[in-house]
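Subject: Structure handover

Hello,

Here is the structure you asked to look at. My notes on it follow below.

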2 protein chains.
Amino acid sequence: MDQKLQILLDTIKKLVRRGAYPNLIKVLSKSHPADIAHLFRYLELKEQRILFNLIEDPAAAAYVLSELDHNGSAQLLTQIDKETISEILHEMPYDDAVEIIRLLPEEKAEEILEGMQAEDSEEITQLLTYPHDTAGGIMSTEFFALREEQTAREAIAALQQAEDVEMVFYIYVTDDRRHLVGVLSLRQLLLVPPETPLKKIMTGEVISVRTDTDQEEVAQQVARYNLLAVPVVDNGNRLVGLITVDDVIDVLRQEATEDIYKMAGAHEEELLYGDKPFKIARLRLPWLVTNLFGGVVTGYLMWLFKATLKEVIALITFIPVITGMGGNVGGQSATIVVRGFATGRIDFSILRKVFFREMRVGFIMGIVCGAVIGLVALAWHHNPYLGLVVGIAMVTAMTVATSMGVAAPSFFKKIGIDPAIASSPFVQTANDITGILIYFGTATFFLQHLH
Amino acid sequence: MDQKLQILLDTIKKLVRRGAYPNLIKVLSKSHPADIAHLFRYLELKEQRILFNLIEDPAAAAYVLSELDHNGSAQLLTQIDKETISEILHEMPYDDAVEIIRLLPEEKAEEILEGMQAEDSEEITQLLTYPHDTAGGIMSTEFFALREEQTAREAIAALQQAEDVEMVFYIYVTDDRRHLVGVLSLRQLLLVPPETPLKKIMTGEVISVRTDTDQEEVAQQVARYNLLAVPVVDNGNRLVGLITVDDVIDVLRQEATEDIYKMAGAHEEELLYGDKPFKIARLRLPWLVTNLFGGVVTGYLMWLFKATLKEVIALITFIPVITGMGGNVGGQSATIVVRGFATGRIDFSILRKVFFREMRVGFIMGIVCGAVIGLVALAWHHNPYLGLVVGIAMVTAMTVATSMGVAAPSFFKKIGIDPAIASSPFVQTANDITGILIYFGTATFFLQHLH
């Protein structure tokens, strides 16, 4: 956090403690709503409620609420009464209002929608029909579009009167049946004689997305073509909305965070339960159970080899390093594949190449680590065969682990399960099990030399 | 990949195989450069070289090269001769040219800079003095700024003549000593009488960053305030550059990918070595060595308890589950903290809270998993004391693991080491070691009951 914000935070906390509300109102009205939103995450829920109710300008309150992350606003919403929420929603662009409504308990949401002006509630209800992670679910319907036969002069006049539209930098052009036919920039308007029809200056090839396009795909398009906004069309290529780059940035950050959390078996929702360890534990436990089960199976396999182990107790000393290294390199390969799918850098067409590359990488690293650990085993227990067993097991386990690291996420992706969430427990458990089997298998093979 | 691109890719691959270069030239000239750049990642290096040399418009070639990710362009650059690179750099905005120059071997870069027009090479050399991950390192110097005493009419006239500037949507206003004093949007220009001086319509409070601001901080600012661009000023608040939102999106994606890779102990650079498993192995090995060492230490600790183990061989069956679960929950906590630092959601002021929350979460999950595994031990080996030992060890190991998961990345952050890269091997190794110590410690304590 930069110094300016730190000072603001300290001031606010002090004023809240003192109950100096008139001073707080003054401080809040002078601060940028985005800064206030940013500071909310460092405040207790109680402090948040006090502060939020002191924001006098409903537009500023709306801005703060829509700039909080989902979990932050869901939490805060439980603290605000229905009337205040309605008032704030009225100040918001429809797309932000829809996001807020989605966070409310169904009953409360319905009551609020009923209390709204007919025009607003119709628009919002319509937007609510789109799944929240599609272009339709995040688009704004307050965009600026003109007809192709209008002139540059008319366009400028329209711009001067436009209010309540999302940031204008592109002007979208439609035909008489609202089909999207072109786009032009504000600057282009200034470069032509005033009577030029838009049809003459617009670019005909517009990059657009459909209402049912996944939000991750939308973000990729905007990033690829360096767009500031992308128009949304329905099945009939009619212009129905607009997604601006600031929403795309939110999507990108949110998806990255989600993926990172999922890969570790944690949940983004956890942030919602800042102070509720029981709820957090309940979110994480299902995933851990997979590993608990896997751990027991691994232990059972070791138990099967208990006669071997009793005879050659030195074998136990290399169990952790074999399963550990397998888990690590497998995890690396899985991470590369999961992130590759998410960023579009890997798809099924090049999967074969990735698979064999990772396998070779695993084999090379296995040779190095196997040689090191084999020498350690030799030096420690003075038994060359133990060194051989440990070395061979290490190479095999690491090679298998990398291929499994590619195979598991690809399999889950193929059958339509999010690879970010499914790969990690599966890869770890599978690697433990194969690691133990390979290790004791090799040991049993060389058993007569190990004594 | 969407269908349109898939078809384009198939066509291109077929034409390259056939050597149908005239057709390829036609296809390339009709495709969006961003699409071509996107498809490059699915092509072999040899195909890339052929294709790149067939792009006839140097501006399109420049666009393709700057839209490739760093690794892609570094790879491609090795295939292009100096003259072509010079020609392409001339077509690029300075900020993109600087990125390309940074990717070249030093000697080649110097030769190219020397061959450039004096004006270009001076500008680029100046930009190269900023570290690549700061605002100065990613900013563009071709921005649009006007003086405060100019009028709206003059501004519009200047806009009509402006060429070669980054997308214009904000107009920055400076005083007579180039200090940044205000900002206004293009639309605001259209709303006032033509003779109004900019001073009267501009907003005085401009959010700006300094040349030495970290690029991650720049991205956070742009995201927080929903900006389309942010001006860059030097120490004396003089306007020296501009960072547009498309560059910010690249930064956000790149940092997220980097973090994800680092957390798994892999490297973003790996992508550069698509087909060079030896190079990839060399990148990953240093990190694995930490774990190799940790695994040996864990094994050594088990060896210290070999007498106990020989007496109660059943103890081995729960080693994998205890160390495995510790590693998992510790990794979850570490992930949450590392990502929290990266997104600014966690900082040192709330670390204490996070630490105790994670510890409590670990304890609760430990109770559940400990009870399950204790019952498994009882049912399997018919020894209630074994169940007790396993259960107690599980609760302790999981609680310690979560606290370590918070402590390790915080420690690394504090001493200035990137927590994303340092936490994972450290947390895993430390958890293995403490897990074994806790497990055998508890077992030794109850040893007389375990027979």
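Two residues are taken to be in contact if their C-beta atoms, placed from the backbone, lie within 7 Å. By that criterion, 70% of the contacts in chain A with a separation of 6 or more are between residues 24 or more positions apart.

Some conventions. Residues are numbered from 1 along each chain as its sequence is written, and chains are lettered from A and ligands numbered from 1 in the order in which they are written. The model is predicted: local features need pLDDT of at least 70, side-chain atom pairs count only at pLDDT 80 or more, and totals for chains, interfaces and linings use all residues.

Confidence: the model has ipTM 0.77 and pTM 0.79. Mean pLDDT (the predictor's confidence in each residue, from 0 to 100) is 87 for chain A, with 96% of its residues at 70 or more.

Chain A: there are 23 helices and six strands, where helices (H or I, at least four residues) and strands (E, at least two) are DSSP runs numbered from the N terminus. Chain A is more spread out than a compact globule, because its radius of gyration is 30 Å, well over the 22 Å that the globule rule gives for 451 residues. That radius is taken over C-alpha atoms, and the rule is 2.2 Å times the number of residues to the power 0.38. The C-alpha trace of chain A spans about 95 × 60 × 40 Å along its principal axes.

Of the 451 residues in chain A, 48% are buried (20 or more other C-beta atoms within 10 Å of its own; exposed means 12 or fewer, partly exposed in between, with C-beta atoms placed from the backbone).

Interface: chain A and chain B each put 85 residues into their contact. On the side of chain B that touches chain A, helix α17 (residues 277-304) of chain B gives the most, with 16 residues.

Backbone: most residues other than glycine have a negative phi. A:His382 has a positive phi of about 50 degrees and sits in the loop between α20 (351-381) and α21 (384-414) of chain A. A:His382 counts as exposed, with 10 C-beta neighbours inside 10 Å. B:Arg178 also has a positive phi, near 65 degrees, and lies in the loop between β2 (170-174) and β3 (180-185) of chain B.

Regards
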